[in-house]
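Subject: Structure handover

Hi,

Here is the structure I promised to pass on. Please have a look at it first, and then read my notes below.

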Amino acid sequence: MANVVGKLSDNAKNFDAYIISSTFARAIVDVFIPVIMFKSGYSVHYCILYYLVMNLCSFFMAAPLAHIAKKFGNRILAVASIVFFIILQFLLLKLDGSLPILYLISCVYAGYKRCYWVSRRFYTLHIIHKHHVGKVYAIISILHQLSVMAATYVGALLLDGLNQYILIAISVFILLLSLI
């Protein structure tokens with residue numbers, strides 16, 4: 001693995017750092033959205049509805065967003081993802097147990113996730129040399145999973161020990177830092 005890492009371009013190494021920080025920032029809140037919804041008065045049925053609406057929206061966004069990335073580049077989607085992410089965080093603070101906000105959060109979350117993943121996949125294809133695809137993708141996957149595991153633990157501590165506002169503020173701060 002060190003041999004492959006040594007062969008990575010500076011863009012790929014920066015991308016690894018971006019994956020660690022952006023995945024951590026996103027996951028620190030993402031994994032707790034159902035908990036936040038439940039604490040805001042939504043039943044388990046509404047949490048399931050949230051996932052259904054979000055996945056349906058995400059499905060219909062996939063092809064148009066891939067076309068946008070192909071035509072204009074992945075950066076526009078990376079920026080859109082961050083905008084959706086910040087809007088999502090604001091909406092999570094406004095949860096009131098109503099269906100309109102549930103649908104809105106589902107659609108905004110779908111936009112944020114789909115823009116992030118399409119952008120990330122397009123950039124990954126751009127920086128990985130063809131003869132190292134499997135090894136580099138394995139490194140990227142490992143970094144992603146480690147970041148999610150760490151974020152879940154840290155997010156639980158923050159949500160339990162502090163409050164949702166602090167959790168969201170830290171998440172947005174780390175995401176914005178990941179862009180540097």
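What share of the contacts in the protein chain between residues at least 6 apart in sequence join residues at least 24 apart? The share is 81%, where a contact means heavy atoms within 4.5 Å.

Before the rest, a word on the ground rules. This is a predicted model, in which local features need pLDDT of at least 70 and side-chain atom pairs count only at pLDDT 80 or more, while totals for chains, interfaces and linings use all residues. Residues are numbered from 1 along each chain as its sequence is written, and side-chain values use heavy atoms, with hydrogens and water left out.

Overall picture

The protein chain has 8 helices and 0 strands (DSSP runs numbered from the N terminus: H or I of at least four residues for helices, E of at least two for strands). Of its 180 residues, 43% count as buried; that means under 20% relative accessible area, with exposed over 50% and partly exposed in between, using a 1.4 Å probe and protein chains only. The accessible surface comes to about 9,900 Å², and 71% of that belongs to carbon and sulfur atoms (Shrake-Rupley method, 1.4 Å probe; for residues, only the protein chains shown count as cover).

The cores

The largest nonpolar core holds 35 residues, and Ile33, Met37, Leu88, Leu92, Leu95 and Ile105 have the most contacts inside it. By nonpolar core I mean a set of buried Ala, Val, Leu, Ile, Met, Phe, Trp, Tyr and Cys residues joined through side-chain atoms within 4.5 Å. Helices α2 to α8 each supply at least two residues of this core, and α6 gives the most, with 7 residues. Leaving aside neighbours within four places in sequence, Met37 is in contact with Tyr42, Tyr46, Cys47, Tyr50, Leu95 and Leu102. There is also a second, separate core of 5 residues, including Ala69 and Cys115.

Ile28 in α2

Ile28 lies in helix α2, residues 10–30, and counts as buried because its relative accessibility is 0%. Besides Ala151, the contacts of Ile28 beyond four places in sequence include Val154, Leu158 and Ile170.

α4 has 29 residues and reaches 40 Å from its first C-alpha to its last, close to the expected 42 Å (1.5 Å times one less than the number of residues). It has a kink of about 40° at Ala62, shortly before Pro64; the bend is the angle between axes fitted to the seven residues ending there and the seven starting there. After α4 comes Gly73, with a positive phi near 100°.

Asn74 lies in the loop between α4 and α5 and counts as buried because its relative accessible area is 19%. Not counting residues up to four places away in sequence, Asn74 touches Ala69, Ser119, Phe122 and Tyr123. In α5, the buried residues include Leu77, Phe85 and Gln89.

Cysteines

How many disulfides does a search of the whole structure find? It finds 0, a disulfide being a pair of cysteine sulfur atoms within 2.5 Å. For Cys107, the nearest cysteine sulfur is that of Cys57, 3.2 Å away. Cys107 is partly exposed at 31% relative accessible area, whereas Cys47 is buried at 10%.

Best wishes
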